[in-house]
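Good morning, colleagues. I would like to take a few minutes to go through helix packing and one further side-chain contact. Please have the sequence and the structure in view.

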Amino acid sequence: SGSLIARIRAAALASGLVVTSAVERLPEADLSTKLVLMQFLGIVATPNAIIPILLAGRDEALFEAAQSILESLGEAAEKIVDAEWPNLDANSRRDACLLFGRAEGQASAARLLASLEDPSSETRSAAARSIGRRGLESGLAPLVLRLAAAATDDDFEAEEELAAITDGLIA
């Protein structure tokens, strides 16, 4: 299996056109083709596929596959997603926080803590749960502060955020 993956990776990288074409096709492909392209790009492990894979994961049917592929890319995925953070929309930041909850790097930990102040309540909620999932001790005080801030809001999103913060605190 390892030698097959190595051969696929070597063949794909030998022809940059194959990888470039796969990255370009990913956003417009149908669901089953997207899944195959994501898996291929995960095997090839090319850095320019990381953000397109994250974006493809917006589709609920592809979300877990995208997260798993990005997690398998490890530190490279963490660094690229962190570097592209200012260019990500709220849904992508939320998904990135969920990815960072599975990661181990310092940059992703710092990004999770900073995301507790994100304008999007979904991103803040994902960050809170991911901080808990990782057991980040440095997240305890920021989570408590976020809990106090969210407790003063009385809309539905605040209730969801309170639940997420509570989950992060007790994880």
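In this predicted model, helices α1 and α2 are roughly perpendicular to each other. The axis of α1, residues 2-14, and that of α2, residues 16-25, come within 4 Å and cross at roughly 90°; the category follows because angles of 65 to 115 degrees count as roughly perpendicular. On the α1 side the contact involves A12, L13 and A14, which meet G16, V18 and V19 of α2. Sorted by class, this contact has five nonpolar residues, one polar residue and no charged residues.

A second pair of helices is α7, residues 90-100, and α9, residues 121-134, whose axes come within 8 Å and cross at roughly 5°. That angle makes α7 roughly parallel to α9. From α7, the residues in contact are A90, N91, R93, R94, C97, L98 and F100, and from α9 they are E122, T123, A126, A127, S130 and R134. In terms of class, the contact of α7 with α9 has six nonpolar, three polar and four charged residues.

F100 also brings us to the aromatic residues. How many aromatic pairs does a search of the whole structure find? The search finds one. The pair is formed by W85 and F100, and it is stacked, with 6.1 Å from centre to centre and 20° between the planes. W85 lies in the loop between α6 and α7, whereas F100 belongs to helix α7, so the pair ties together parts that are 15 residues apart in sequence. Are these two residues buried or exposed? W85 has a relative accessible area of 8% and is buried; F100, at 0% relative accessibility, counts as buried too.

As a general point, an α-helix has 3.6 residues a turn, so residues three or four places apart point the same way.

Thank you for your attention.

Technical notes. Residues numbered from 1 in each chain as written. Predicted model: local features only at pLDDT ≥ 70, side-chain atom pairs only at ≥ 80, totals over all residues. Heavy atoms only, no water. Axes fitted to C-alpha atoms, helices over the stretch in contact; angles between N-to-C directions. Helix = DSSP H or I, 4+ residues; strand = E, 2+ residues; numbered from the N terminus. Parallel < 35°, antiparallel > 145°, perpendicular 65-115°, else oblique. Contact = heavy atoms within 4.5 Å. Nonpolar A, V, L, I, M, F, W, Y, C, P; charged D, E, K, R; others polar. Phe/Tyr/Trp six-rings, centres within 6.5 Å; stacked < 30°, edge-to-face > 60°. Buried < 20%, exposed > 50% of the residue type's maximum accessible area, 1.4 Å probe, protein only.
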